[in-house]
Amino acid sequence: MRTRMDSCACRPGRRIVGSQRRVTSEELGIGFAVHRAQEWVAARWPGATVTGVIDIDVALSSGVIRTDGVTSSVAQRGGRRPDYLLIAESPGSEDGFHYAVVECKGTKAWRYGLDQMASACVQLRGVAVASRQPPGLAVGTVLADDRVRCRALELYPGHRGRHEPGTSAVELPEPFEDFAEVHVERETFERTVHVDIDAQVPLSAENLVRAGTQASWASLADFAGNDYAFQRWAPPVFRANLDRDAQARPQRVERRTRGGLDVVGVRNLITLPGGELEVVFGLAAEVDEALADRDADRVIEAQRRVAGRRAQEGDAARREPGDDVTAVSDDGAVLMLIPR
């Protein structure tokens, strides 16, 4: 879900600064999460209505929750726990109520939100209600660039020992059974396709290969800090998931491995006892240059040459203490550790 705010609506928000900004941000994140959770409860249990949102620490401190004469135990199951416990009145259920947990996340970086959702999944499993794992919803809110964007992740545990899958199985179309190889013409790389494997519709094997290859090359460009090449190859949804400020990226540098391979990438300097360690995440220079050209043939040929040189890198002279260490992959990615 994405919501763009017009300039008039943004002006009051820009006046919120300092500590008040942190407080307001947290309150907004909680508000979005609870609102989304109420919609989720209504969809999950038709006819159910959320009647209570309880801070999980309050529920855990007493060990029980009491609702309209019904008492249920609340216990922590691990070292981490979610933020809130939702109570939904449901006349058609066994005891008249359903319980769910909610974890609220918030950030200003869309990519960091992915890490937050992974952490939230662990937290959703952190409590038991009435000796059972309640279903849970993690909601991550991103407030940046005059936009409010949200992710939602559902935890769908088994109910009384019976597993209830949250999604239906996807049947593969016939082409996947009939052909062992997919030949993709070069010109097909000039256009970007949208592939949705959750739509449960037949997929073109050619489109699937093209989308996967383009995403792979975009990931390589992003790894080495080549933002121009990343923007050229990345599908729109990929660009949204890896949204970042290009000006904040680490410095791009050129290096040469002990085996004579030219490398271009981003540089990070780590201070250690006794000196510094330069870490370079990069690409073979010819692969980096080919990606910027958007020439599929050139990229594939550059990667082929680099793959052929991996043995040469491994045959470099024996390393001495203090020498740099290099790892080169078949697709042209390079990791260098250089003591300073």
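In which helix is the place of Ser119? In this predicted model, Ser119 belongs to helix 4, which spans residues 112-124. The side chain of Ser119 makes a polar contact with the side chain of Arg80 at 2.3 Å. When residues up to four places away in sequence are left aside, the residues that Ser119 touches are Arg80 and Lys105.

At least two lining residues are supplied by each of strand 6 (97-107), helix 4 and strand 8 (136-144), and by residue class the lining comprises 5 polar, 2 nonpolar and 2 charged residues.

Elsewhere in the chain, an open sheet is formed by 5 strands in the order 10-11-12-14-13, with antiparallel pairing. Strand 10 (252-256) and strand 13 (325-328) are the edge strands, each pairing on one side only, and neighbouring strands of this sheet are turned by 30° against each other on average, direction ignored. Strand 13 pairs with strand 14 (residues 333-339) in the antiparallel sense over 4 bridges, and Val325 has Leu337 of strand 14 as its bridge partner.

Helix 6 (residues 205-223) packs on the sheet through contacts with strand 11 (262-272), strand 12 (275-284) and strand 14, its direction making about 150° with that of strand 12. Helix 9 (residues 285-293) likewise packs on the sheet, where it touches strand 10, strand 11 and strand 12, and the direction of helix 9 makes about 50° with that of strand 12.

Note on methods: Residues numbered from 1 in each chain as written. Predicted model: local features only at pLDDT ≥ 70, side-chain atom pairs only at ≥ 80, totals over all residues. Heavy atoms only, no water. Polar contact = N/O pair within 3.5 Å; in protein donor to acceptor, adjacent residues only side chain to side chain. Contact = heavy atoms within 4.5 Å. Nonpolar A, V, L, I, M, F, W, Y, C, P; charged D, E, K, R; others polar. Pairing = 2+ DSSP bridges. Axes fitted to C-alpha atoms, helices over the stretch in contact; angles between N-to-C directions.
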